[in-house]
Amino acid sequence: MGISLISISHQNAPLAIRELFAFSESVQEDLMRQMLEREYALECVIISTCNRTEVYTYSERRESNFTDMQNLLLEFAEASEVENMGEYVRFYSGPGAVKHLFHVAAGLDSMVMGEDQILGQVKRAHEQARKIGTCDVYLNTLFRYAVTAAKKVKTETDLSRTTVSTATMAIKAAEQVLGTLYGRKVMLIGASGKIGSVVLKNLQCIEGVELYITSRNMRQAREDQHHKVTYQIMEYEDRYGLVDEMDVVISATSSPHYTLTYEKLAKSLKTPRTRVLVDLAVPIDIEEKTEWLPGMRRYDMDDFQELARANNEKKQHEVLAADQILEECRLDFERWMVFQQALPQIARMKAWILQEAERKGLEKAIDKMFYKIRDHSNPEDLKAFFEHMKTD
C-alpha cells in the first residue's frame, strides 16, 4: 500500500530506448486513465521529458503490481519485443519512490545537475494528471511536497545558482566546435517549444549572432524583439533553402518526423565549411546519418552527458546540503502519509477514549491509552515517542 514508480531515464536507458516512450500529451493521458481503469492503481501521474518517462502511482494493494504496469507501459510504447528491456527499466516503491521524485524535482537526477527546467516539467505533469482526474489526495500531496522541497534547495543551496541546462549546453557545444558564435549564422527550428524558447533566450544574449527561427506562434515571435540580438523569422518549409548559409542548426520540436534528413541536407549544402547540428528532441529531429556529411558535427541528447559530467563535478559540494534538505522534506511527507492512512484508526481510538472517559473518567482513559501504546510498540519506537513528548 503506497507510492510506486516505474522509471526509464538517461540514467539507465540510451536515447534509442527513451524515444519509444516519448509519448504525446494525449497518449500520456490515455495511459494514466488505463492505469486506473484496469485497477492497477488508484492514482497516476506521468512525468515525460526528453530525458525521462516516469509513471508514479498510488495503490492500496499490499504489493505493487509492477509486472502489469510495466506490460501496459510497453504496450503503449510498442516495445514488448525489445530485447533486454529489463535493463532499461527501474522500479521504486515506498520511501524509494518518494525520494526519487524529490531528487528529480530538485534537479539532482537530471543530466545537468541543478537545471531549472525540470521543476516546471514536474509541475506541469502534476497539473495534467489533476485536470484529467487521475491523481487525488496522495499524489497531489506528494507532488506539492516535492515542489516545495525543490524550491527550498534552490533558495538555500548554490546548486542552481549558475544556470546550466540542456539548452545552454547546446550553445556550448556549438561554441566548442566553432570557437565563437560571433558573426555566425544560427538556425533554430522549433523556437516556440518548451526547450526551443529557452535556447532562443540564450542565443539572444550572445552578441554578434545572426539568428533565424521557425516558430508556431509567428505573431508572438515578431513582438519579441527586446533582446540584445534580434532574429529573422523564416517559414519552416524554407529551411533547406537557407541551410547552406548556416553555421549552426539547432532543432527542438515535438515532431514525429525528421526536421532534417541526410538526403535533403546533402542536396542543399553547396559551400564547404565546418557546421554544427544540435538535436534537442526526443524522438530525434535530425537524421543520424547527417553526421557523415563533410565538415558536419552532430550532437544529440546522449552526447551531452560528457558536458553534463563536468558541470556536475563542480556542483558535488552542494549535493550534500541539497540531500539533507530533501531528506527532511521526505520525512515530513512520510509522516503525513502514515498519519493520513491511520485516520480510520485514529477515529476509532478517539471514540474508544471518549467511551472509556464516560465510563471510568478521563484520567483513567488516558492511562489506558498509554498502556496500549506501551504494549504494542517496540522499545526504540516507544523511547522515541516519549522523547518527542518532552515539554520545556
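Me: Over how many bridges do β2 and strand β3 pair?
Reply: β2 and β3 (residues 52–59) pair over seven bridges, in the antiparallel sense. Two strands count as paired if DSSP finds at least two bridges between them. Strands (E, at least two residues) and helices (H or I, at least four) are DSSP runs, numbered from the N terminus. This is a predicted model, in which local features need pLDDT of at least 70 and side-chain atom pairs pLDDT 80 or more, while totals for chains, interfaces and linings use all residues. Residues are numbered from 1 along each chain as its sequence is written, and side-chain values use heavy atoms, without hydrogens and water.

Me: Which residue in β3 is the bridge partner of I47?
Reply: The bridge partner of I47 is E54.

Me: What is the strand order in the open sheet?
Reply: The four strands run β2-β3-β1-β4, with antiparallel pairing. β2 (43–49) and β4 (90–93) stand at the edges with a single partner strand each, so one side of each has no neighbour in the sheet. Neighbouring strands are turned by 15° against each other on average, direction ignored.

Me: Which helix lies across β1, β3 and β4?
Reply: Helix α3 (residues 66–77) does, running at about 40° to β1 (2–9). Axes are lines fitted to C-alpha atoms, for helices over the stretch in contact, and angles run from 0 to 180 degrees between N-to-C directions.

Me: New topic: how many aromatic pairs are there?
Reply: The structure holds nine aromatic pairs. Rings of Phe, Tyr and Trp (its six-membered ring) pair if their centres lie within 6.5 Å; planes under 30 degrees apart count as stacked, over 60 as edge-to-face and the rest as tilted. One of the pairs is Y56 with F143: the centres are 5.7 Å apart and the planes stand at 85°, so this pair is edge-to-face. Y56 belongs to β3 and F143 to helix α6 (residues 137–156), so the pair ties together parts 87 residues apart in sequence.

Me: At what angle do α15 and α16 pack?
Reply: Helix α15 (residues 362–375) and helix α16 (residues 379–388) pack at about 140°, with their axes 9 Å apart. That makes α15 oblique to α16. Angles under 35 degrees count as roughly parallel, over 145 as roughly antiparallel, 65 to 115 as roughly perpendicular and the rest as oblique.

Me: And which residues meet there?
Reply: F370, I373 and R374 in α15 meet L382, F385 and F386 in α16; contact means heavy atoms within 4.5 Å.
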